[in-house]
Amino acid sequence: MKRIIILLLLLECFTLRLTAQQDSVMNLQQQLPSNDTWWQLFGDSTLTVLIQKAVANNYDLSNAVKNIELAKSRLRISKSAYYPEISASASYTPEKSSLGIDHTDMYSRIGQAGLSMNWELDVFGNIRKNVKSQKQYYLASQEDYRGVMVSLTAQLATAYIQLRTYQEQLEVARHNLKSQEEILQLNETKLQAGLTSKLTVAQARGLWLQTQATIPGIEAAIYSQANTISVLTGEYSATLRDSLLQISPLPLGAEVPVAGIPADLIRRRPDLRAAERTMDALAAAAGASRADWWPKFLVTGFFGYSSENFEQFTNKENMIWQIAPSIKWTIFSGRNLVESKKSAQLQLDEEINSYNQTLLTALQEVDNALVTYNKSLLQISALNDAFQQSQLTLDLAIEQYKNGLASYQTV
C-alpha cells in the first residue's frame, strides 16, 4: 500500500509539472490588443487617434476584457483541484463531572487542534481534462476580444470614412448650387434681353432649388456620423463632435493586390478561432465526463494535538496524526453519469456543427470581399474616366449655351 501511495503521488506531481509547462506556453500566446493596425493604410492621423480612443474607452471592448479576466478566474478555480485541500480546526472543552459516593467533583479541560487534508489524485485525468476545457474557454475569450476589436475598428473606420464622404458630397452640392445659381442669373439676364423664355428660367430655378434642398439632408447625415463616432470612442462630447464636423479630405487607402482565398486570411478571423477553441473546450469536457465512470483515488489525513490536560497540550506524547488512502467508485447513480456523458457529447456535436457553419460563412464573406474589392478597383477606374468625360461635356455645353449654340436642355 505504501508503494502505491508513493506511485500515485509521483504521478500527481508529474501532472502538476506538465500543467505548469502548458501554462507557460499559453502565456506566450497572450498578445492583447491585436497588432493588426490595418487602418494605418489610410494614412489619416485623425482616424488613428479615434481608434486609439475607442480602444481605451469603448465599453463593449472593456466588457470583452472583463470576460477574459472572468475566464482566467475560472481556469484558476479548475486548477485548484490539483492541490490538496487543507483546513485547520481547534476546540477547547472544559468539563465538570461528579463521581463516586462522596460526589467528588472532577474537572477536565480537553483541547484539540490540527490540520486536516483532503486530496484527490488525478489518476484518470478528470481534473486535467476539466482544466483543459477551462483553458480553451479562456483562449476563446481572447479571440472574442479580438473579434470585438475587429468589429469596433471596422465600425469606427466605416463611420469616419462615411463622414468624410458626406462632407465631400456637401462640397459637391455647394459647388453645384453655385454653378446652377450662375446659370440661373445668366438665364434671367437673357430673359430680360428677350433671348430666352420664362420656361427656361423656371427650369433653371427649379434645378437650383432641388440642389439646395439636398444640402440639409447631407448636413444631418454628417452630424449623425459624428455622433456615431463619439459613441464608439466612448467620448460623447461637443468638443470631439465639433472637431469632426470640420471639413477634412477623404482618406484614400493604398491598393492591396489580393487573389484567391488565402488560408491564412481565413485563419486570422477571430470568430473562427473562437469557435475552434470552444469546440476544443467541449471536447475536453466530454472527456472529463467519461473519466467520471472510473474510480477516484483519495488521500485524507490529519495532524495535530489532543490532550485532556490543557497545560501539556503541545507535548510530544499528545501528538496525533492519520493518513488514509481510499478509493471511491460510483456503481449506480440513477443514470446521472450516462446522461451527463450524453449531454456533453451532444453539446460537442452541436458546437462542431456551429464551427462548420462559421467556417462556411467565413469562406463566403472572404470570397465576396475579395471579389468586391477587385471589382471596386475596376469600378473606380471607370468612374474616374466617366467623371473626366462628364466634366468635359458640361464645360462644352455651358460654353455653347453662352454663345447661343445650344439650348438650356443640353446644359
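## Salt bridges, a cavity and a helix pair

E120, D292 and K296 are linked in a network of salt bridges. The model described here is predicted.

E120 is partly exposed, with a relative accessible area of 24%, and K296 is partly exposed with a relative accessible area of 24%.

The whole structure holds 13 salt bridges. Three of them are set out below.

| Salt bridge | N to O distance |
|---|---|
| R205 with E188 | 2.4 Å |
| E365 with R269 | 2.8 Å |

In the salt bridge between R205 and E188, the closest N and O atoms lie 2.4 Å apart. R205 lies in helix α5 (residues 198-233) and E188 in helix α4, so this pair ties together parts that are 17 residues apart in sequence. R205 counts as partly exposed at 35% relative accessibility, and E188 is partly exposed as well, with a relative accessible area of 28%.

The side chains of E365 and R269 also meet in a salt bridge, at 2.8 Å from N to O. This pair links distant parts of the chain: E365 is in helix α9 (residues 336-402), and R269 is in the loop between α7 (263-267) and α8 (270-291), 96 residues away. E365 has a relative accessibility of 39% and counts as partly exposed. R269 has a relative accessible area of 18% and is therefore buried, the cut-off for that class being under 20%.

Three cavities of 30 Å³ or more are found in a search of the whole structure, and the largest cavity contains about 70 Å³ of space. By class, the lining has seven nonpolar, two polar and three charged residues.

Helix α4 also takes part in a helix pair. Helix α3 (residues 59-79) packs with helix α4 (residues 126-192) at an angle of about 170°, and their axes are 9 Å apart. Because of this angle, α3 is roughly antiparallel to α4, a description that applies to angles over 145 degrees. The contact of α3 with α4 has 14 nonpolar, six polar and five charged residues.

Key. Residues are numbered from 1 along each chain as its sequence is written. This is a predicted model: local features need pLDDT of at least 70, side-chain atom pairs count only at pLDDT 80 or more; totals for chains, interfaces and linings use all residues. Side-chain values use heavy atoms; hydrogens and water are left out. Axes are lines fitted to C-alpha atoms, for helices over the stretch in contact, and angles run from 0 to 180 degrees between N-to-C directions. Helices (H or I, at least four residues) and strands (E, at least two) are DSSP runs, numbered from the N terminus. Angles under 35 degrees count as roughly parallel, over 145 as roughly antiparallel, 65 to 115 as roughly perpendicular and the rest as oblique. Ala, Val, Leu, Ile, Met, Phe, Trp, Tyr, Cys and Pro count as nonpolar, Asp, Glu, Lys and Arg as charged, and the others, Gly among them, as polar. On a 1 Å grid over the protein atoms alone, a cavity is a set of points where a 1.4 Å probe fits but cannot get out, and a pocket is an open set with protein on both sides within 12 Å along at least five of seven lines; lining residues have an atom within 4 Å of a point. Grid points are joined across faces, edges and corners, and a volume is the space filled by probe spheres set on the points. A salt bridge is a side-chain nitrogen of Lys or Arg within 4 Å of a carboxyl oxygen of Asp or Glu. Buried means under 20% relative accessible area, exposed over 50%, partly exposed in between (1.4 Å probe, protein chains only).
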